[in-house]
Amino acid sequence: MSSLLEVSGVSVSFDGFKAINNLSFAIGDAELRAIIGPNGAGKTTFMDIVTGRTRPDEGRVLWGEANVSLLGLSEARIAREGIGRKFQKPTVFEDQTVLENLLMALRNARGPFQVLFYRPTPGDLDRVHELAGEIGLMDALGRKSGELSHGQKQWLEIGMLLAQEPRLLLVDEPAAGMTPAEREHTTTLLVAAAKSRAVVVIEHDMEFVRRLGCKVTVLHEGAVLAEGSLDHVTANRKVIDVYLGR
Amino acid sequence: MSQSVLARNPSVLVFLAILGLFTLGVTLMSEWAGSEVVSTSFVKTLGKTLCLALVAVAMDLVWGYAGILSLGHFAFFGLGGYMIGMWLMYERTHGIVVSSLAEAPIPPTEAEIVGAIGNQIFGVVGSREFPAIWAFADSLALQLLFVVLVPGLLALAFGWLAFRSRVTGVYLSILTQAMTLALALYLFQNDSGLRGNNGLSGLQNLPGLDHVPQSSVSIWFFWASAGALALGYALSAWIVSGKFGSVIRGIRDNESRVRFLGYPVEAYKLFVFTVTAMIAGIAGALYYPQAGIINPAEIAPIASIYLAVWVAIGGRGRLYGAVIGAAFVSLVSSWFTGGQAPDVNLGFYTIKWVDWWLVLLGLSFVAVTLLAPKGIGGLVDLWTGRQAPDRHGADLGPDAGSLREAEAER
Ligand SMILES: Nc1ncnc2c1ncn2[C@@H]1O[C@H](COP(=O)(O)OP(=O)(O)OP(=O)(O)O)[C@@H](O)[C@H]1O
Ligand SMILES: [Mg+2]
């Protein structure tokens, strides 16, 4: 099977500490994948590498049908290639309204001159309203996003991610700080998103992962410890020792 | 397009209306209109203040909106002044030389005229040759083009190097200070080609218009300054009004997040840095003919720091704040340093404002930064009823230039 993203033999060390150790990972089109692992396993660092924030010391990161290497590209370029990212800590533009946040994320030309002369088309506004409905922020479109609750900010960020229409979504702990009902809604959003694109979700909460109902990759000390269905990996002795048994 | 900008920013219309009324009022009260209320020298002060307000608007765009604390924008202002000053000085000296040589028995050749002009202009620095940079000094059109081109190209080159290597925050500010210092030191040299520390002078005299009294010239420049401020303000308001404004405010508050949305952050910074440098150049080109003289001391590093202080006191992140800050501080400053402020006698010590004004300005800056980060412009919020949203003490972003919670508006 040809994969959308293929990471192979990647290692990174920070001041001699190996945060990622010979990691290999692949995901195909329209696939949903969960990554679990103890704190400090290197899950966020993995996303940093794929999105161009961190340069690996060795290894390859290949993208798309043409197998383009992402390693030399800037963060912005990688984002334009079709990789969207949600951060562990919700990061929305707090001084701007929900509408402005979504419009900024909406898939459109990104160059300064195009943006200078950009005015939202009716189609763009429709799309924003549709997204706002999906993330439950329809009534908050005109509010400054700094005023939103923690969970709402998480959703707004997911909404911005969807607005980018990426081919691959990297989502870091999307359900942190959410109520059970909000978590459920988030699951629905992610499962729906994975129908048409690849989605990688980092999550600690097993219940949440179970509801995603997808293949799971367990990271430990910067390498893949186990991979498979949730039941399969949770039955794995090593996984129980390092992660579940604690 | 422009209509929607105005509809979304009623403050632009209010500002333009106030500026128009102010211009009209000053005009009617000037000596040019036959009134005695506003002296010609005060018209010049007001005209210069409008130019300072324009460069402050540029500063607000680059710092208040894009979060780039440039401490070098006065260099661009000064360069604009030098570019127009070259033409003014050349043309005027040309006129003087031609009329003085007219009495000579043999009509002078073109080379003799140019030589005499060179002698007049560069005599003070012990030279008579025209440096290469004066090659187009006889062409008003070209020198006007240089008013925007030279600051723009310098900003483009500097910004390209700095932003590409992702220099941000304090380091960028220091780098811009270094740039303006280097430029000032270079211009101080006699062989810089711009008359060293003598600078360019006599700029208040328009070539070929010797018969026009200064009361008229001053009001012309006042109008031109008001017009430039109006255009610069409207242009800046347009730039920050739409998605472009969203993106640059996003860069200010959280640069890396904007990158992950796919925006080429460096290109945006470069655009804003360069456009504001060109606006600063235009402001300088209008300022120095009203001041009459420009010398390298004008672009000393401290001048650019003042610019940031004006914007901070007026309220960064809102264009009228920059105008208020520049106008207020520079007018108050000329009142204090002009010896008009009454000395305060404490019995054991007399506070002479000429000496103490800078201390007062420094203290006000600290006070505004700590106690009223929205600056004077924040007073407008009391009136329009805008409040800060409750962010539970969180600032707006992790970047060095990002807005603090206390500065945000609902
Ligand atoms: N920029 C950095 N400089 C130094 N060390 C880093 C850096 N980024 C990550 N690390 C280290 O790398 C290791 C992996 O960190 P990472 O954030 O990827 O963990 P994680 O799996 O996301 O953990 P959590 O579940 O707590 O979010 C940690 O020990 C961390 O301290
Ligand atoms: Mg993490």
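The legends below describe close-up views of a predicted model.

**View 1. The shell of residues around ligand 1.** Ligand 1 is surrounded by 14 residues, and the closest are Asn39(A), Lys43(A), Thr44(A), Thr45(A) and His204(A). By class, the shell divides into 5 nonpolar, 7 polar and 2 charged residues. Two elements of chain A, strand S2 (17-27) and helix H1 (43-50), each supply at least two residues of this shell. H1(A) gives the most, with 3 residues.

**View 2. Polar side-chain contacts to oxygen atoms of ligand 1.** In the side chain of Thr44(A), an N or O atom is 2.6 Å from an oxygen atom of ligand 1. For Asn39(A), a polar side-chain atom lies 2.8 Å from an oxygen atom of the ligand. Gln88(A) also places a polar side-chain atom 2.9 Å from an oxygen atom of ligand 1. On its own, ligand 1 has 630 Å² of accessible area, of which the protein covers 62%.

**View 3. The salt bridge between Glu227(A) and Arg33(A).** The two side chains meet with an N to O distance of 3.1 Å. Glu227(A) belongs to strand S10 (residues 223-228) of chain A and Arg33(A) to strand S3 (residues 32-36) of chain A, so the pair links distant parts of the chain, 194 residues apart. Arg33(A) is buried, with a relative accessible area of 2%, whereas Glu227(A) is partly exposed at 35%.

**View 4. The salt bridge between Arg92(B) and Asp210(B).** Here the side chains meet at 4.0 Å, N to O. Arg92(B) lies in helix H4 (residues 73-101) of chain B, while Asp210(B) is in the loop between strand S1 (200-201) and helix H8 (214-241) of chain B, so the pair ties together parts that are 118 residues apart in sequence. Arg92(B) is partly exposed, with a relative accessible area of 25%. Asp210(B) counts as exposed, at 59% relative accessibility.

View 5. The closest N and O atoms of Glu255(B) and Lys269(B) are 3.0 Å apart. Glu255(B) is located in helix H9 (residues 243-260) of chain B and Lys269(B) in helix H10 (residues 265-291) of chain B, so the pair ties together parts that are 14 residues apart in sequence. Both Glu255(B) and Lys269(B) are buried. Through salt bridges that share partners, Glu75(A), Arg166(B), Glu255(B), Arg259(B), Glu266(B) and Lys269(B) are joined into one network. Over all chains, the count comes to 25 salt bridges.

Notes
Residues are numbered from 1 along each chain as its sequence is written. Chains are lettered from A and ligands numbered from 1 in the order in which they are written. This is a predicted model: local features need pLDDT of at least 70, side-chain atom pairs count only at pLDDT 80 or more; totals for chains, interfaces and linings use all residues. Side-chain values use heavy atoms; hydrogens and water are left out. A residue is near a molecule or strand if one of its heavy atoms lies within 4 Å of it. A polar contact is a pair of N or O atoms within 3.5 Å; within protein, one must be able to donate a hydrogen and the other to accept it, and residues adjacent in sequence count only if both atoms are side-chain atoms. Accessible areas come from the Shrake-Rupley method with a 1.4 Å probe; for residues, only the protein chains shown count as cover. Helices (H or I, at least four residues) and strands (E, at least two) are DSSP runs, numbered from the N terminus. Ala, Val, Leu, Ile, Met, Phe, Trp, Tyr, Cys and Pro count as nonpolar, Asp, Glu, Lys and Arg as charged, and the others, Gly among them, as polar. Buried means under 20% relative accessible area, exposed over 50%, partly exposed in between (1.4 Å probe, protein chains only).
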